[in-house]
Amino acid sequence: MSSSKSVIICGGGIVGLSCAYYLAREGWAVTVVERNAEDADSCAQGSAGYVSPSHVIPLAAPGMVWNGLKWMLSSRSPFYIKPRLDADLMRWGWLFARACTPEHTARTAPVLRDLCLGGRKLFLELAGLTGNAFELRQEGLLNLCQTQECLDHETHGLAKLANELGVEARVLDARQTAELEPGTRLEVAGSVYFPNDAHLSPRKFMPALVGLLKPLGVTFRWSTSVTGWRTAGGRVTGVQTTAGELTADEFVLAAGSWSPGMIAGLDVRLPLQAGKGYSLTLERPRFRLTKPLILTERRVAVTPMGNQLRFGGTMEISGINDRIRPERVQQIIDAVPAYFPEFTAEDFAGIKPWSGLRPVSPDGLPYIGRFGRHPNLTAACGHAMLGVTMAPSTGLLVAEILGGKKPSIPLATLDPDRYA
Ligand SMILES: Cc1cc2nc3c(=O)[nH]c(=O)nc-3n(C[C@H](O)[C@H](O)[C@H](O)COP(=O)(O)OP(=O)(O)OC[C@H]3O[C@@H](n4cnc5c(N)ncnc54)[C@H](O)[C@@H]3O)c2cc1C
């Protein structure tokens with residue numbers, strides 16, 4: 001590839017920056033356009049930081065339509081769709097419901113596995129390059145089940161599928177679970193342990209990645225918003241920004257939940273909803289955990305990050321906004337003592353909740369690939385609950401696509417035109 005080829009990446013979240021890294025490494029002249037300042041927050045920063053090959057079942061899974069309808073009635077449920085009259089939301093909901101089939105899971109699970117395992121491998125490389133500045137730890141992940149019914153469900157569902165796909169999953173009883181996490185009392189029937197999952201401190205990962213990008217010559221346009229596009233002859237020729245028009249050979253759409261809005265006017269259809277999640281970070285927790293945990297029935301993630309302990313969860317489809325709904329934060333707090341009786345609501349007193357918007361496609365798969373209508377515009381968005389895990393493998397794929405190489409993961413199911 002000629003080093004004179006240029007690419008503009010629209011959006012500087014974890015996915016955009018990862019694309020920048022793998023493209024710059026291949027000799028592209030890379031510019032990142034990000035509307036926020038360099039040290040601003042982004043969706044990855046307050047995330048649970050899981051690097052999770054165990055997440056092989058897409059959000060749009062069998063049973064989710066029934067659960068979703070049940071949960072929709074309660075704003076305290078783990079998955080909540082705020083009812084509103086919005087054609088995009090209704091279409092998204094219909095496409096989501098259509099994807100909740102066993103056939104869809106069977107078709108997509110191997111793709112999720114490959115993107116997640118790829119991410120894990122690349123994070124190990126990045127940890128080596130940065131002196132592990134982002135505290136990547138390979139402690140596995142424990143899916144805790146309070147009830148035997150839940151444990152049986154996980155055993156015959158996720159654990160079975162994961163093992164079939166070559167992602168090791170071990171079903172543990174209560175005693176075996178307690179042995180793996182001896183620092184605090186657990187009230188569980190058992191757990192599924194995924195020894196190959198990892199976790200990191202996302203607030204340390206983002207600056208570490210920027211630190212790798214700068215010596216590679218990447219140009220950053222922080223505090224600059226993309227406002228429109230210029231096209232000619234079926235190609236994108238420029239991107240209009242608050243700092244003027246920028247031109248390049250190739251363009252990457254990596255604006256997370258804002259991606260559909262960013263390409264409004266390009267006559268491209270990209271169903272995607274923002275899925276708000278919340279997290280609470282204890283600076284000095286009274287109890288030490290060594291492993292990331294999922295409180296399975298309550299869909300709450302718990303991650304040790306250095307000396308801190310982070311609790312995250314909820315999926316709230318309520319449009320693009322950063323409104324904190326206290327009842328949804330409370331749902332996370334209430335879940336904790338049910339599994340860890342030594343934790344109380346007092347542990348969370350005064351902790352400021354963080355919220356972030358996951359970019360959620362209807363079928364639980366990201367959009368990665370060139371748009372048919374504008375072949376020099378490539379999508380890298382829609383990673384929902386797995387944007388941290390999949391960021392490096394997405395970046396690598398985008399570099400392969402733009403470099404005309406054979407993609408390391410087949411692109412058919414990730415096609416951004418699949419709903420066109
Ligand atoms: C509570 C919670 C826990 C999570 N836990 C995990 C986890 O454990 N593991 C995991 O893999 N994933 C997790 N996720 C999901 C993950 O955080 C997201 O999928 C990922 O961060 C999305 O990254 P992104 O770069 O696509 O989007 P974003 O981070 O949203 O980045 C998009 C960027 O585009 C910019 N932008 C938008 N519009 C414009 C414009 N007009 N001009 C210029 N720039 C623009 C935005 O400012 C933003 O910086 C979690 C998410 C939440 C909310």
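Author: Val 226 has a polar backbone atom 2.8 Å from a nitrogen atom of the ligand; a polar contact here is a pair of N or O atoms within 3.5 Å. One caution: this is a predicted model, where local features need pLDDT of at least 70, side-chain atom pairs count only at pLDDT 80 or more, and totals for chains, interfaces and linings use all residues. Residues are numbered from 1 along each chain as its sequence is written, and side-chain values use heavy atoms, with hydrogens and water left out.

Reader: OK, and how far is the backbone N or O atom of Met 385 from a nitrogen atom of the ligand?
Author: That distance is 2.9 Å for Met 385.

Reader: How much of the ligand does the protein cover?
Author: The protein covers 95% of the 1000 Å² of accessible area that the ligand has on its own, by the Shrake-Rupley method with a 1.4 Å probe.

Reader: Which element gives the most to the shell around the ligand?
Author: S18 does, with four residues; strands are DSSP runs of E, at least two residues, and helices are runs of H or I, at least four, numbered from the N terminus.

Reader: Switching to H1: is it mostly covered or uncovered?
Author: Mostly covered, with 11 of its 12 residues buried, meaning under 20% relative accessible area (1.4 Å probe, protein chains only). Among them are Ile 14, Cys 19 and Tyr 22.

Reader: What comes after H1?
Author: Gly 27 follows H1, and its phi is positive, near 95°.

Notes
Buried means under 20% relative accessible area, exposed over 50%, partly exposed in between (1.4 Å probe, protein chains only). A polar contact is a pair of N or O atoms within 3.5 Å; within protein, one must be able to donate a hydrogen and the other to accept it, and residues adjacent in sequence count only if both atoms are side-chain atoms.
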